[in-house]
Amino acid sequence: MKEYNLTTKMRAYKWDELTEDQRALVSVAKEQTKHSYCPYSHFHVGAAAKLANGEVIRGCNQENAAYPSGLCAERSALFAAGAQYPDQPVERLAIACFTDGHFTKEPGSPCGACRQVMIETEHRYGGKMEVLLYGDEATYVFDSAADLLPLIFVSENLKG
Ligand code: THU
């Protein structure tokens, strides 16, 4: 038996420590929480994806009375980006969560399915996608989606 410690890297920034570009994208994600359709959870999630050509694609969670038919904010943004600009790498993804009348102090943590889609996005374009998780007290910055998901499953794994 061999035991492994899988480590990951993230940095926590105060708002004024972020770059202007990072703040701009996080601001779009925050703005997007206003468009969230979340009559069941009342948990508003906004996402913004910055593409290599400079376009910003917006997303937010879309809930459904048949609960599993809904979609998270991150995937709504990444799928919209893939549909509208299939040839444009996603360079950065920002996420913000708003509930009970305020943005969460701690950054929201993307669900497993969204992490897997982030990995596919990164892998598809062959570069890193920076991920910014906004919280009122700190914004977590991951240089790569892979830092959010150890032991990734990508197309090569299908080849055995
Ligand atoms: N949600 C997201 O949009 N992104 C996440 O990363 C976590 C959860 C949404 C799904 C659902 O509409 C609500 O938040 C509560 O789970």
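Trainee: How many helices and strands are there in the protein?

Mentor: The protein has 3 helices and 7 strands. Keep in mind that this is a predicted model.

Trainee: What pattern does the protein follow along the sequence?

Mentor: Reading along the sequence, you get β-α-β-β-α-β-β-α-β-β.

Trainee: And which radius of gyration does the protein have?

Mentor: The protein has 16 Å. A compact globule with 160 residues would have a radius of gyration near 15 Å, so the value agrees with that. The C-alpha trace spans about 50 × 40 × 40 Å along its principal axes.

Trainee: How much of the protein counts as buried?

Mentor: The figure is 42% of the 160 residues. As for contacts between residues at least 6 apart in sequence, 66% of them join residues at least 24 apart.

Trainee: What is the lining of the largest pocket like by class?

Mentor: The lining has 12 nonpolar, 6 polar and 2 charged residues. Helix H2 (73-84) and S4 each supply at least two residues of that lining.

Trainee: I clicked on Thr99. Where is its place?

Mentor: Thr99 is in strand S4, which covers residues 90-99.

Trainee: Buried or exposed?

Mentor: Thr99 has a relative accessible area of 17%. Buried means under 20%, so Thr99 is buried at 17%.

Trainee: Which residues does Thr99 touch?

Mentor: Leaving out residues up to four places away in sequence, Thr99 touches His42, Phe43 and Thr104. With His42, a polar atom of the Thr99 side chain lies 3.2 Å from the backbone oxygen.

Trainee: Where is His42 found?

Mentor: His42 sits in the loop between helix H1 (20-32) and strand S2 (44-51). His42 has a positive phi of about 55°, although it is not a glycine.

Trainee: What about Asp100, where does it lie?

Mentor: Asp100 lies in the loop between S4 and strand S5 (102-103). Asp100 is not a glycine either, yet it has a positive phi of about 50°.

Trainee: Is Asp100 buried or exposed, then?

Mentor: Asp100 has 71% relative accessibility. The cut-off for exposed is over 50%, so Asp100 counts as exposed at 71%.

Methods:
Residues numbered from 1 in each chain as written. Predicted model: local features only at pLDDT ≥ 70, side-chain atom pairs only at ≥ 80, totals over all residues. Heavy atoms only, no water. Helix = DSSP H or I, 4+ residues; strand = E, 2+ residues; numbered from the N terminus. Buried < 20%, exposed > 50% of the residue type's maximum accessible area, 1.4 Å probe, protein only. Polar contact = N/O pair within 3.5 Å; in protein donor to acceptor, adjacent residues only side chain to side chain. Contact = heavy atoms within 4.5 Å. Nonpolar A, V, L, I, M, F, W, Y, C, P; charged D, E, K, R; others polar. Rg over C-alpha atoms; globule rule 2.2 N^0.38 Å.
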